[in-house]
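Here is a short tour to read alongside the structure. Have both chains in view, and we can go through the helices and the chain contact together.

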Amino acid sequence: MTREHRRWILVGAIGLIGLVGRVAWAQDAATSATSSGDTAWLLTASALVMLMTAPGLALFYGGLVSQRNVLSTLMHSFFTLCLISVQWVVLGYSLSFGPDLEGIIGRLAHLGLRGIGEKPVAEMSVPPLAFVMFQGMFAVITVALITGTFVERIRFTAFLLFAFLWATLVYAPLAHWVWGGGWLMKLGALDFAGGTVVHISSGVSALVASLIIGRRAGYPEKVLPPHNVPMTIMGAALLWFGWFGFNAGSALAANSLAAIAFTTTHAAAAMAGLTWAFTEWLHRGKPTVLGTATGAVAGLVAITPASGYVSAIAALVIGGGAGLVGYWGINVLKPRLGYDDSLDVFGVHGLCGTWGALATGLFASRAVNPMGADGAFFGNLGQLLVQLIGVLATWVLAAGMTFLILKLIAFFTPLRVTEEEEIAGLDLALHGEVAYNFLSPGMGGSVRLPSRAEAALGSAQAEEPSPGD
Amino acid sequence: MKKIESIIRPHLLDAVKSALHEVGIMGMTVTEVRGFGRQKGHTEMYRGSEYRTDFLPKVKIEVVVPEELVEAVVEAILRTARTGKFGDGKIFILPVEEAIRIRTGERGEHAV
C-alpha cells in the first residue's frame with residue numbers, strides 16, 4: 001500500500017467520523033433523552049415477546065392436542081396475535097396506560113394511540129411507541145395463554161368474543177393497577193414482568209373457563225394423547241428464548257438490570273426443568289421430555305415477577321419451587337379435583353405464577369435492585385403482605401370477570417361445538433381444513449373442486465368453442 | 001396353491017424377506033398392521049396422565065405358493081421371525097382357488 005493510499009484512507013476515515021458525529025449530534029438535539037441502545041433493545045425485546053405467542057405458544061399447545069384439533073389450537077394463538085394487537089392500538093393501551101382514573105383504569109386519552117408523542121416520558125429513554133408495542137405483545141400473549149384450557153371443544157365465535165372482552169375487562173384494568181399507575185402500583189406491589197398481570201390472571205381465568213365450558217367429551221378416559229411431542233418441545237424452547245425479551249426487556253433499557261433479569265430468568269428455567277424431571281423420575285419411574293419442558297416453562301413463569309429484584313441463587317430456589325408446585329398441581333391436584341384444564345394453564349401459570357409473586361415478597365433485595373424493595377428474608381415482612389394483596393386482587397378480578405364474561409357470551413351464543421363436531425375435530429368442523437394430508441396420488445379419494453371462476457370459465461368455453469377448433 | 005399369511009415383528013421384516021427370497025419366493029405383499037395376542041401393550045405417560053396402548057405395530061406378509069413350497073416357506077419364517085418371546089406373531093395357511101396375472105391373463109401357479 002502506497003503512502004498516497006494511506007493518506008486518502010485517513011482523510012476518508014476522519015470525514016466519516018465527523019459525519020457520524022454530526023448525525024448523532026443532530027439526533028440528540030431532536031429527542032434529548034432517547035438512547036439508541038435502549039431503543040434497539042426494547043424493539044428487539046418486543047419482537048421476542050411476539051415470538052412467544054406465535055410460533056412459541058402456538059406450537060407448545062398445538063403439539064399437545066390430537067391431530068384433528070391442531071389447526072384450531074394454532075389458530076387460537078395466531079388469531080389472538082391479530083385481534084389483540086388491533087384491540088391494543090384502538091383502546092387497550094389507553095385503558096392500561098392512559099392517565100389514571102381513581103387508580104382503577106386508564107382514561108381514553110390515547111384511543112387509537114392518539115397523543116403518543118415522540119419524546120420519551122419521564123424516566124424512560126425510549127420512544128413511547130416502543131413502550132406501547134412492548135406492552136402490546138404482553139396483552140397478546142396473556143390472552144393466548146388462556147386458550148390452552150378450552151382447546152378441542154370451544155366454538156370459534158365464543159373464543160373470539162371471549163378474547164376481546166377479556167383483554168378489555170381483565171387485562172387492561174390489571175395492567176393499569178400494577179404498571180399503569182393504579183392502586184397496586186401505589187401500594188408498592190412488585191411485579192417486574194407480569195407474574196400477576198400475565199400469569200396469575202391467565203391461569204386463574206383458565207381454571208374458571210374450564211369449569212364453565214366443561215370437560216372434553218369422554219374426559220379423562222377417552223381423551224387422546226398429544227399428537228406431536230416434538231412440536232411441543234420446539235414451542236417450549238421458543239418460549240424460553242422469547243422470555244429473555246419478556247423479562248430482560250422489562251428493564252426498558254439495555255443496562256445492568258436487563259442483565260440481572262436475563263440471568264435470573266435463565267437460572268430459574270433451567271432449575272425448574274431439572275426439578276420437574278427428577279421429581280417425575282422418582283415419582284413415576286421415568287423422566288419425560290414433556291415434563292422437563294413443562295418444568296422449564298413453569299420456572300419461567302415463577303421468575304417473571306421476581307426477575308429484576310432477586311439474586312441468581314434466589315432464582316434457582318424460585319425455579320426449583322416452581323418445578324415442585326407445577327408438578328404437584330398437574331399430577332395431584334388436577335386429577336383429584338377432576339377439572340379439564342386441558343393443557344394445564346392453571347397448573348403452570350396460575351399456581352407457579354402465584355408462587356413466583358409470593359416468592360418475590362420473600363427474596364426481593366434492594367442490594368440487587370435499589371428501585372425495588374427488600375423482601376421478608378431481608379427483614380421486610382410487609383412486602384410479603386403487599387404481594388399477597390396483589391395476588392388476591394388478581395385472583396378475584398380474573399376469576400370473577402371471566403365468570404361474568406363467559407356467562408354473558410353463553411347468553412347469546414353457545415360456548416361449545418356439538419358433540420358430533422367435537423368428535424370430527426375442530427379443524428374440519430370450524431375451519432374447513434385438515435392439518436396433515438398424507439395422500440398418495442389416486443388413493444385419497446380427494447378431488448379438487450373447480451372454483452367459481454374456473455367453473456364459469458369452463459362453461460363459457462364449452463358453449464363457445466375457440467376459433468381454432 | 002396356498003396363501004401363507006404371517007404376522008411378524010416389524011424389525012424382522014428384512015430377515016424374513018431375505019429368507020423367503022432364498023427359498024425361491026419372488027414376490028410378496030406387506031402391510032403394516034396393529035394387533036395383540038399374548039404380548040402386552042405398552043404404557044405412555046404425558047404430564048402424569050397414563051395412556052395404555054393394546055394394539056402393537058406388526059407387519060403382515062402375504063405370499064401365495066405352490067403346495068410343495070409351503071413347508072420350506074414356513075420353515076424360513078419360523079427360523080427368521082422367532083425370538084422366543086411373546087409377540088413373535090402367527091402364521092396362517094389358507095387354500096387359494098385361483099391366481100391370475102393381470103398383465104397377461106395367465107392362470108394358475110405360473111401366475112404367482
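In helix H1 (residues 13-22) of chain B, the buried residues are B:Val16, B:Ala19 and B:Leu20. They span an arc of only 100 degrees around the axis, so they sit on the same side of H1(B). Please keep in mind that this is a predicted model.

**Around helix H1 of chain B**

- The other side of H1(B) carries the exposed residues B:Asp14, B:Ser18 and B:Glu22.
- What covers the buried residues of H1(B)? The cover includes three elements of chain B, namely strand E1 (2-8), strand E5 (56-65) and helix H2 (70-81).
- After H1(B) comes B:Gly24, which has a positive phi, near 105 degrees.

**Where chain B touches chain A**

- Chain B puts six residues into the contact, and chain A puts in eleven residues.
- On the side of chain B that touches chain A, the most comes from strand E3 (residues 42-46) of chain B, which gives three residues.
- By type, that side of chain B has three nonpolar residues, one polar and two charged.

**Helices H3 and H4 of chain A**

- Helix H3 (residues 70-97) and helix H4 (residues 128-146) of chain A pack at about 130 degrees, and their axes are 8 Å apart.
- Because of that angle, H3(A) is oblique to H4(A).
- Is the crossing of H3(A) and H4(A) left-handed or right-handed? The crossing is right-handed.
- From H3(A), the residues that meet H4(A) include A:His76, A:Thr80, A:Ile84, A:Trp88, A:Tyr93 and A:Phe97. Among their partners in H4(A) are A:Val132, A:Gln135, A:Ala139, A:Val140 and A:Val143.
- The residues of this contact between H3(A) and H4(A) comprise ten nonpolar, eight polar and no charged.

**Helices H11 and H12 of chain A**

- Further along chain A, helix H11 (residues 312-337) packs with helix H12 (residues 345-363) at an angle of about 145 degrees, with axes 9 Å apart.
- H11(A) and H12(A) make a right-handed crossing.
- H11(A) brings residues including A:Ala314, A:Ile318, A:Gly321, A:Val325, A:Gly329 and A:Lys334 to the contact. H12(A) meets H11(A) with residues including A:Val348, A:Leu351, A:Cys352, A:Trp355, A:Ala359 and A:Phe363.
- Which types of residue make up the contact of H11(A) with H12(A)? They divide into eleven nonpolar, five polar and one charged.

Notes: Residues numbered from 1 in each chain as written. Chains lettered and ligands numbered in written order. Predicted model: local features only at pLDDT ≥ 70, side-chain atom pairs only at ≥ 80, totals over all residues. Buried ≥ 20, exposed ≤ 12 C-beta atoms within 10 Å, placed from the backbone. Helix = DSSP H or I, 4+ residues; strand = E, 2+ residues; numbered from the N terminus. Arc of directions from axis to C-beta. Contact = placed C-beta atoms within 7 Å. Axes fitted to C-alpha atoms, helices over the stretch in contact; angles between N-to-C directions. Parallel < 35°, antiparallel > 145°, perpendicular 65-115°, else oblique. Left-handed = near helix turned anticlockwise from the far one by under 90°. Nonpolar A, V, L, I, M, F, W, Y, C, P; charged D, E, K, R; others polar.
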